[in-house]
Amino acid sequence: MATFRRNTAQGSAERFDPRPRDRATATPSLAVAQEIVRARRFGVLYRPVIEATTGETVGWRPAVRLVTADGRRVAARELFRVLHARPRLLLHAEMEIKRFVLEHAPKGGPLYLRVDADAAAPAGEDFADVFRALLKTHRAEQAVVEVTENRPAVDTHRLHRLICHLSAHDLAVAASGFAVVRALPPDLLGGLDCAILGADELGGFRDARRLAEIGRVIDAVTAGGGRTLLAGVRWPEDLALARYLGFSAVSGLCFDHEAVLQVWEESYVLARATR
């Protein structure tokens with residue numbers, strides 16, 4: 001089993017296996033969710049983005065780890081689900097987590113920073129300026145804003161508006177998820193810096209209809225000069241399918257020997273050590 005480097009607040013490092021023994025299943029109350037954000041009980045795994053043909057690392061996709069004060073892991077989607085009813089708190093949590101991710105990011109290649117369309121909504125037309133200021137503070141102007149939609153049904157109008165808003169402010173924009181990408185018209189697809197799909201969304205080699213639709217997406221994005229990324233690559237078969245379809249890059253568990261886990265919050269380290 002692969003081991004990774006853990007960086008502590010004092011700057012020392014040691015080798016350890018970062019993969020948790022338990023799953024992130026706790027659903028926090030509103031008070032617990034707020035405490036997680038206020039105390040910054042965060043960790044982050046930076047998964048490499050790998051060039052599909054050369055194997056070169058060309059960027060990083062951070063996966064955030066959250067933990068309660070008593071050591072229970074919380075999935076990020078559960079935290080955001082609790083905060084969805086309070087848009088301002090949702091925006092604050094999104095920006096605090098992004099600040100943490102930027103503070104400890106590895107060098108080399110852009111970061112792919114996922115942004116939920118719901119979290120961006122409270123800032124309205126100011127969101128791009130707020131995000132640009134955050135990137136400038138951390139000298140991460142090359143970051144890619146990865147727009148995603150966590151609702152069961154995609155709000156197409158809002159999605160279009162957000163992508164156009166970010167692009168108009170000279171931010172690199174990616175659309176993430178098959179439901180999101182398929183909702184975009186050809187002109188928006190051609191204007192993306194990157195389209196990101198999950199390996200579990202492809203359907204395998206036998207789903208000819210789905211593969212043909214994904215092929216059209218890849219053609220539209222690459223024709224506009226953008227990249228395509230297959231995330232969630234676990235097995236050699238996923239990598240083979242990515243290359244067959246013409247994805248520019250890949251990321252996922254298959255490449256975790258290249259990953260870097262940054263755990264800087266003492267409460268998170270202690271909680272992990274006691275489980």
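Me: F127 and F131, buried or exposed?
Reply: Both F127 and F131 are buried. Keep in mind that this is a predicted model.

Me: How many aromatic pairs turn up in the whole structure?
Reply: The search finds 2. One of them joins F42 and F100 edge-to-face, with 5.5 Å centre to centre and 80 degrees between the planes.

Me: Where do F42 and F100 sit in the chain?
Reply: F42 is in strand β3, residues 42–51. F100 is in helix α3, residues 87–103. They are 58 residues apart, and the pair links distant parts of the chain.

Me: What is the relative accessible area of F42?
Reply: It is 0%, and F42 is buried. F100 counts as buried too, because its relative accessibility is 1% and the cut-off is under 20%.

Me: Back to F127 and F131. What geometry does that aromatic pair have?
Reply: Tilted, at 5.5 Å centre to centre and 40 degrees between the planes. F127 and F131 lie 4 residues apart in helix α5, residues 127–137, so about one helical turn separates them.

Me: Which charged end sits over the ring of F178?
Reply: That of R210, 4.2 Å from the ring centre.

Me: New topic. How many residues are in the largest nonpolar core?
Reply: 70. L79, F127, I163, L166, L230 and F247 have the most contacts inside it. Helix α3 gives the most to this core, with 8 residues.

Me: What does L79 touch?
Reply: Leaving out residues up to four places away in sequence, L79 touches P28, A33, I36, V37, L66, V74 and I97.

Methods. Residues are numbered from 1 along each chain as its sequence is written. This is a predicted model: local features need pLDDT of at least 70, side-chain atom pairs count only at pLDDT 80 or more; totals for chains, interfaces and linings use all residues. Side-chain values use heavy atoms; hydrogens and water are left out. Rings of Phe, Tyr and Trp (its six-membered ring) pair if their centres lie within 6.5 Å; planes under 30 degrees apart count as stacked, over 60 as edge-to-face and the rest as tilted. Helices (H or I, at least four residues) and strands (E, at least two) are DSSP runs, numbered from the N terminus. Buried means under 20% relative accessible area, exposed over 50%, partly exposed in between (1.4 Å probe, protein chains only). A charge sits over a ring if NZ of Lys or CZ of Arg is within 6 Å of the ring centre and within 35 degrees of the ring normal. A nonpolar core is a set of buried Ala, Val, Leu, Ile, Met, Phe, Trp, Tyr and Cys residues joined through side-chain atoms within 4.5 Å. Contact means heavy atoms within 4.5 Å.
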